[in-house]
Amino acid sequence: MKHSPRLWAVISCSLLVASLGAGATACGSHENPLSARPHDAGEQIAFNQAQGGRPVDHNRPLEVTAKGAGGSRITDVTAVDVHGRRLAGELTAKGDRWHSTGPLAAGVRYTVTVRTEDERGAPGQRTLTFATTPAKKLLSVEFGPEKGKYGVGQPLTADLGEPVKDKAARAVVERGLVVDAPPGVEGAWHWVDDKRLHFRPKEYWPANSTVSVRSNLEGVRIDGELHGAASTPLTLEIGDRVEVITDAASHYLTFKRNGEVINTIPVTTGKPGFSTRNGVKVVLGKQYYVRMRGDTVGIGGSENYDLPVYYATRVTWSGEYVHAAPWSVGSHGYANVSHGCTGMSTGNAAWFYENITEGDIVQVVNSIGEDMDTFGNGFGDWNMDWKDWREGSALLAGTRDGRTAADQARLRPQV
């Protein structure tokens, strides 16, 4: 008997279906234990923490053990707190014991999921929830500046409620301060002192972007009994890239926006003995009117002054401004006659005032004055070399430059 290829295909498929059906019938009476829903493993495991009830001591490690009934063993344990942080732990090779290897967070609630299997391989599962006792001493974190829109030079700040001196404790703090920034941004925290950190990227922030910072330290042990407190996150909107370069030798100011020169203004800067500081400064704020008095900054005698000043843009806490100086307009573009500020005509000062914002960059070059302080007199952060800046980080000091795993713990790109 001859069969066409089409008929053979039909017969072959029929036989295959019949064979599979027979196989399914034959195996139907032997259920695969791995395909079963996990059973309640409550009788197979024991915790050293009580379910619910009073909070447990956060200093006591978490431990899960297999009771050994029916040859059961632990296959996996996950312990996660309310903030989504997983507790590190270690499971023995036999699967009879799991214990936490990291400290429990204080004052939080944990959910612990334990997975088991019995001697036949059937899966089991048990979930435990418990709260931990609150910390005896809390470390607060306050981020700055205030929420708003800033220029590309604005550093982030973190003020701590308690001093942190130990390097290991500082590393814990840094890991918990997470910066969300545009992709490709490399940045680092720098310890200004025991209670204050600054964060800046390697280069200025990308123009027209969003930057945010948050703390993941709530309940986390910092050092001894010191634990992290809850904190308020901060989000900044970054505007155009505005860079102002004041040349004290040529007596002109160049105003650039996103790399394009949009204005050149004749100015006067500090005269000998009061020379304007060289270096990069970050705009701290603006005031339409300021009464400027020499005696408030230690200037007296024949050099003392008391003047009403308009359109004042502040760049240092010690009193350096860019402002209207109509009394010296004849020197603008020709000579340095001020007591350290950058002066210009009222019309130019009004234009400057309207086009500058907090966080913008104001750089002074070719002055015979001192250099801008890195910290303590405003934001001189950009005057520190990037390599030296990284050395001020408890996580990055002594490591190679570039994006590392430590960077990822501290800086997270936006998606």
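**A look around A248**

Mentor: Start at A248, which counts as buried because its relative accessibility is 4%; buried means under 20% relative accessible area, exposed over 50% and partly exposed in between, using a 1.4 Å probe and protein chains only. Keep in mind that this is a predicted model, where local features need pLDDT of at least 70 and side-chain atom pairs count only at pLDDT 80 or more, while totals for chains, interfaces and linings use all residues. Residues are numbered from 1 along each chain as its sequence is written, and side-chain values use heavy atoms, with hydrogens and water left out.

Trainee: Where does A248 lie?
Mentor: In the loop between strand 20 (242–247) and strand 21. Helices (H or I, at least four residues) and strands (E, at least two) are DSSP runs, numbered from the N terminus.

Trainee: And which residues is A248 in contact with, leaving aside its neighbours within four places in sequence?
Mentor: T269, N336, V365, N366 and S367, where contact means heavy atoms within 4.5 Å. S367 is 119 residues away from A248 along the chain, yet their C-alpha atoms are separated by 5.0 Å.

Trainee: Okay, zooming out. How many helices and strands are there in the protein chain?
Mentor: Five helices and 29 strands. The chain has 415 residues, and 44% of them are buried. Among contacts with a separation of 6 or more, 66% are between residues 24 or more positions apart.

Trainee: Switching to rings: how many aromatic pairs does the structure hold?
Mentor: Eleven. Rings of Phe, Tyr and Trp (its six-membered ring) pair if their centres lie within 6.5 Å; planes under 30 degrees apart count as stacked, over 60 as edge-to-face and the rest as tilted. Take F255 and F352: their ring centres are 5.8 Å apart and the planes stand at 90 degrees, so this pair is edge-to-face.

Trainee: What does that pair tie together?
Mentor: Parts that are 97 residues apart in sequence, because F255 is in strand 21 (residues 252–257) and F352 is in helix 3 (residues 346–355).

Trainee: Are those two buried or exposed?
Mentor: F255 counts as buried, at 0% relative accessibility, and F352 is buried with a relative accessible area of 1%.

Trainee: Which residues do ring pairs link into a cluster?
Mentor: Y288, Y289, Y310, Y311 and Y353. Y353 also has the charged end of K286 over its ring, 4.7 Å from the centre. Elsewhere, R200 lies over the face of W389, at 5.1 Å from the ring centre. A charge sits over a ring if NZ of Lys or CZ of Arg is within 6 Å of the ring centre and within 35 degrees of the ring normal.

Trainee: Now sheets. What order do the strands take in the open sheet of four?
Mentor: 10-12-15-14, with antiparallel pairing; two strands pair if DSSP finds at least two bridges between them. Strand 10 (141–144) and strand 14 (187–193) are at the edges with a single partner strand each, so one side of each has no neighbour in the sheet.

Trainee: And how many bridges are there between strand 12 and strand 15?
Mentor: Four, linking residues 156–160 with residues 196–201. T157 stands opposite H198 there.

Trainee: One last thing: how many bridges join strand 7 to strand 8?
Mentor: Nine, and the two run antiparallel. In that hairpin, five residues lie between the strands, and G121 takes a positive phi near 90 degrees. E117 has P123 as its bridge partner in strand 8, and E117 is also the bridge partner of R73.
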